[in-house]
Every structure is written in C-alpha cells, then in structure tokens.
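Have the sequence and the 3D view ready side by side. This report walks through a few spots in the fold, one at a time.

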Amino acid sequence: MFDVLVYLYEHYWRPDACPESDLLMRKLSAVGFEEEEISEALAWLDGLQTVTHDEVIAPSDRASRVFAEPELERLGPEALGFLQFLESAGVLTPMLREVVLDRVVAVPRGPVALEDFKILVLLVFWSLGEEPDALILDELFVDDEDRLIH
C-alpha cells in the first residue's frame with residue numbers, strides 16, 4: 001500500500017490531479033502494482049479525502065490528547081515520538097494531528113513503521129495542497145542513516 005501512495009505522491013501534483021478511480025487502478029496495475037495494494041491505497045486515500053473535507057470541530061490548542069488503545073497499537077513508540085515531535089514543533093495543529101491519527105488507524109496492518117508513518121504525514125499535507133517547511137520535509141524524506149553530520 002505504501003509503495004502505491006509514494007508513487008501517487010511522486011507522479012501527481014495534488015490528489016485532484018489523479019485520474020478517476022477506474023482509470024487510476026488500470027494505470028497502477030500497468031505499472032506493476034498488485035490489485036490488493038492498489039485497492040488498499042485508494043480506499044485509504046478516499047478516507048483521507050473524507051476526513052479532510054468534512055466539517056469537524058477542531059480540538060482546543062490547550063486540550064490534552066489521550067491516545068486510544070487502537071491508536072497506540074498502530075503507532076508504535078517511534079511513530080508516536082515523531083508525532084509528538086511534529087506537534088511540539090508546530091508542524092501539526094491539533095486538527096491535523098487528528099487527521100493523521102485517523103489515517104494511521106485506517107492502515108490495514110500495524111504497527112506502522114516510522115518510515116511509513118512519515119509517508120502518511122506527507123500525504124496528509126499533499127491532500128490539503130500544503131507543503132511543510134524545508135526542514136520538516138527533510139525529516140520526512142531522509143533516513144537517519146543517510147544524513148551527513150556537519
């Protein structure tokens with residue numbers, strides 16, 4: 001599923017630039033993706049579109065967030081730490097945090113690895129037509145092993 005999501009991110013500027021679902025499924029299949037992973041990715045994206053376009057009451061900035069057991073099971077300790085980093089850095093508003101958590105729970109299998117979690121966060125921004133600042137993009141794209149220390 002994550003490979004399909006990355007492919008879509010790399011090949012389409014925004015989700016509304018993607019072709020209709022049937023045509024997109026055929027294109028992804030022609031590229032070599034399996035039907036199951038295409039279906040999972042498109043269902044995940046449909047859920048993302050629903051969550052980001054529905055009227056939802058935003059949590060208060062001063063509210064404390066207690067994670068439910070299914071969220072903790074899907075996140076795992078590394079992704080949870082990264083989520084808290086993004087929130088404390090001001091990258092994720094409480095509203096965006098809830099969107100990210102909704103999409104993490106929607107992943108068919110868990111826990112979500114840190115690199116996959118970063119893809120999910122990136123796709124939340126992509127779906128909104130937003131791009132996080134350059135330092136956060138660097139955090140989302142570059143593996144720690146590949147970093148050069150200056």
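Val112 lies in the loop between helix H5 (94-105) and H6. The model is a predicted one. Val112 has a relative accessible area of 6%, so this residue is buried. Look for Arg74 next. Val112 and Arg74 are 38 residues apart in sequence, yet their C-alpha atoms are 5.6 Å apart in space.

Now turn to another loop. Ser60 is found between H3 and H4. Its relative accessible area is 44%, so Ser60 is partly exposed.

| Pair | Apart in sequence | C-alpha to C-alpha |
|---|---|---|
| Val112 and Arg74 | 38 residues | 5.6 Å |

## The whole chain

How many helices and strands does the protein chain have? The count is 7 helices and 0 strands. Along the sequence, the pattern reads α-α-α-α-α-α-α. The protein chain has 150 residues, and 41% of them are buried.

## Aromatic rings

The model holds 4 aromatic pairs. Take Tyr7 and Phe33. Their ring centres are 5.5 Å apart, and their planes meet at 70 degrees. An angle over 60 degrees counts as edge-to-face, so that is the label for Tyr7 and Phe33. This pair links distant parts of the chain. Tyr7 belongs to helix H1 (residues 2-11). Phe33 sits in the loop between helix H2 (21-31) and helix H3 (35-53). The two are 26 residues apart. Are these residues buried or exposed? Both Tyr7 and Phe33 are buried.

Phe82 and Phe85 make another aromatic pair. Their centres are 5.7 Å apart, and the angle between the planes is 40 degrees. That makes the pair tilted. Phe82 and Phe85 are both in helix H4 (residues 69-88). They are 3 residues apart there, so about one helical turn separates them. Their surroundings can be compared by accessible area. Phe82 has a relative accessible area of 9% and is buried. Phe85 has 35% and is partly exposed. With Phe117, Phe82 and Phe85 form one aromatic cluster.

## Charges over rings

Phe82 has another neighbour to find. The charged end of Lys118 sits over the ring of Phe82, 5.1 Å from the ring centre. Trp44 has a charge over its ring too: the charged end of Arg103 is 5.5 Å from the centre.

## A serine in a helix

Ser127 is part of helix H6 (residues 114-128). Its relative accessibility is 4%, so Ser127 counts as buried. Which backbone oxygen lies 2.8 Å from a polar atom of the Ser127 side chain? The backbone oxygen of Val124 does.

## The second largest pocket

Rolling a probe the size of a water molecule over the atoms shows where empty space is left. In the second largest pocket, that space is about 240 Å³. Its lining includes Pro15, Asp16, Cys18, Pro19 and Glu20. Also among the lining residues are Leu42, Leu45, Asp46, Gln49 and Trp126.

Which helices each supply at least two residues of this lining? They are H2 and H3. H3 gives the most, with 4 residues. What classes of residue line the second largest pocket? There are 7 nonpolar, 2 polar and 3 charged residues. Asp16 and Glu20 are among the lining residues, and both Asp and Glu count as charged.

Definitions and conventions: Residues numbered from 1 in each chain as written. Predicted model: local features only at pLDDT ≥ 70, side-chain atom pairs only at ≥ 80, totals over all residues. Heavy atoms only, no water. Phe/Tyr/Trp six-rings, centres within 6.5 Å; stacked < 30°, edge-to-face > 60°. Buried < 20%, exposed > 50% of the residue type's maximum accessible area, 1.4 Å probe, protein only. Lys NZ or Arg CZ within 6 Å of the ring centre and 35° of its normal. 1 Å grid on protein atoms, 1.4 Å probe; cavity = no way out; pocket = protein on both sides within 12 Å on 5 of 7 lines; lining within 4 Å. Points joined across faces, edges and corners; volume = space filled by probe spheres on them. Polar contact = N/O pair within 3.5 Å; in protein donor to acceptor, adjacent residues only side chain to side chain.
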